[in-house]
Amino acid sequence: MEESSPYRSAHSSVNSSVKSTSENSAQSSTQSSTQSPATSSASAPQMRFGKIDDLGSRVAVAVDAARKYLFSQQHEEGYWCGELEADTSLESDYILLHTLLGTGSQERFDKAARYILNHQNEDGGWSIYAGGPSNVSASVKAYFGLKLAGFTADHPALARARRKILEMGGVTEVNTFTKIYLCFFGQYDYDAVPAVPPEIVLFPNWFWFNIYEISSWSRAILVPLSICYAKKPFKKIADEMGVEELFVGGRDKSRMHLHWAKKLISWRNFFLCLDRLTHWFERVHIRPLRSLALRKAEKWMLDRFEMSDGLGAIYPSMMNAIIALRCLGYSVDDPQFIRAMDEFEKLGIEEDDTFRMQPCMSPVWDTAYALFALGEAGVPATDSRLVKCADWILQKQVRKPGDWKIKNPKGEPGGWYFEFNNEFYPDVDDSAMVCLALSRVEHPNGRYQAESVQRAIDWILSMQCKDGGWASFDKDNDRMVFQYVPFADHNAMLDPATVDITGRILECLATYGYDQNHPAVKRAIKFIREQQEPDGSWFGRWGVNYIYGTMQVLRGLEAMAVDRNDPMIQQAAEWMRSVQNADGGWGETVGSYDDPNLRGTGESTASQTAWAIMGLLAVGDTRSECVARGMAYLLRTQSKDGSWDEAFFTGTGFPRVFYLKYHLYSEYFPLIALTTYSKVMAEKSSS
């Protein structure tokens, strides 16, 4: 116990102030179980000259209710894991996969189809985030999935979808992965899709292009997909199940190959030339290294099945791996196939009428944030529930080298991953968040905790990129030319350093005694300064979007005691205040990734409002009406059980392509905002 106490000494006084206030309000909260703080119009917070009546006690009651709700979501083993929601492409792919394998259940197909139909837009298409415009790839997948599930082309939902898909350009406008999946059923031509040759695994690590120069998730997706591409599986389906009618002007008249760039000398045209050359070699059967490449790709894939919830522990790579195994001749009763399929099926959520899939699971991330939020909210560091949580998460620390070691040979293992098991792919963001969370708890074995944290910090420091920032899974994974590779249209080919992760690293390092004099910190602050947008905001790679990025940076700079009068900080705070909504909250649409002019605009959400408040409090803004109105929004929208509802997606997978809704974001972020406000005001009143 004694060894870990220095890690929380800086927080003990403010934590106790939150705790005592919350405990004083707990009795009144219990006595009024039928009326939540800020749920009835009669008790809604009222603004008077920029202030809220009795704000301190209202916040304390809200914090108490939020703490209780968050604890109610804790699993018996000590961790938290909220649902991770994505778009309907996952359910469509689920139907496609089981149709291809011949392993589907019609009852499950019907439930998945019902879920897909429930999310159809009024214009007939399907979006990739709640409230978003129809997306051609998601819409074609949904249409095809519904057909494979037994729907006919004359069904009203499909008729509407067909009109919208043709309006968006038809099948030829979908992304590469969708085209390859259509090839499996003869609905697209293999010769027309970008080549994904397995020979890419043979390029040595020192070569200009090799699989370790692309992002870890792309690597995990593309290696098994290259096996599928090489084997070119084909499943015969009835004509009425196909998507012939989705080609504008008919399939025979459609241009199925990728278009050349207008500028003759360009990277896109260079890679397209290589693509056409690869296809030509395949047509004339010049593939001298194909067998060797397939063996190496198979071994690479099987090696990464170990100590993992499936390949990469993410949906697309797990699905591709299952298909690749069948292409390689593995039977459905082979242990490797059974294991891969079992891990994939664990992502499913089946209810009475619907079935949906999660893109992955987020226990380490959710647990770290829940632990941090509860510690901030005044729960004692020795509380048995937090200790149990710490014990669970400490056991998840990575102690073996993974793919990250290729570009960081001097680094020693010590990070954490996102999922239940994913040893090959720890990430910097999770690792920093776990360290922050552990600073709020005292494990009985203090030395064990301290050594674990130090290992993680050493690993994080070793992962700093040459530009001064930190990326997620790899170091210096930023060869931007590879975004022009034909099969890279999922917009996530690379994993460059980002300011949101870098801001979190600064907050983490400051918590453990690092300051601006440390060389890594100096480089990180320089990176952040260089990345600021002209309006003062920062881009958010892993959360939607500029509100998230700006909050992360401001918290990191505050932790490092960067002068709040720095123009960089003041400009960011002014931007945050300028995008507040009329209802007092903040919101930002996912569309800001497509159109930066939409940054900071969108319907208010609990998580994004919390981010904005956290960002403003980090710059010492305790007097503006903006913070008070934001607090009023959180108090007003809290449910009776202490939770918040959130309809929109505020998490980011691949910008412009894939987005996420973390179901616990609307719980632990508002709690952090409320308790941060309580601490700041307590410090202000005592000074």
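1. Ala561 counts as exposed because its relative accessibility is 58%, where exposed means over 50% relative accessible area, buried under 20% and partly exposed in between, with a 1.4 Å probe and protein chains only. Ala561 sits in the loop between helix H19 (546-559) and helix H20 (567-578), and its phi is near 60°, a positive value in a residue other than glycine. Most residues other than glycine have a negative phi.

2. The model is predicted, with local features needing pLDDT of at least 70 and side-chain atom pairs pLDDT 80 or more, while totals for chains, interfaces and linings use all residues. Residues are numbered from 1 along each chain as its sequence is written, and side-chain values use heavy atoms, without hydrogens or water.

3. The average pLDDT (the predictor's confidence in each residue, from 0 to 100) of the protein is 90, and 92% of the residues score at least 70. Over residues 1-42, however, pLDDT stays under 50. Where pLDDT is low, the predicted coordinates should not be read in detail.

4. Asp403, in the loop between helix H14 (384-394) and helix H15 (428-438), counts as buried because its relative accessibility is 2%. Its side chain makes polar contacts (pairs of N or O atoms within 3.5 Å; within protein, one must be able to donate a hydrogen and the other to accept it, and residues adjacent in sequence count only if both atoms are side-chain atoms) with the side chain of Arg219 at 2.9 Å and with that of Arg304 at 2.9 Å.

5. Arg656 also has a positive phi, near 75°, and lies in the loop between strand E6 (651-654) and strand E7 (658-662).

How values were computed:
Helices (H or I, at least four residues) and strands (E, at least two) are DSSP runs, numbered from the N terminus. Contact means heavy atoms within 4.5 Å.
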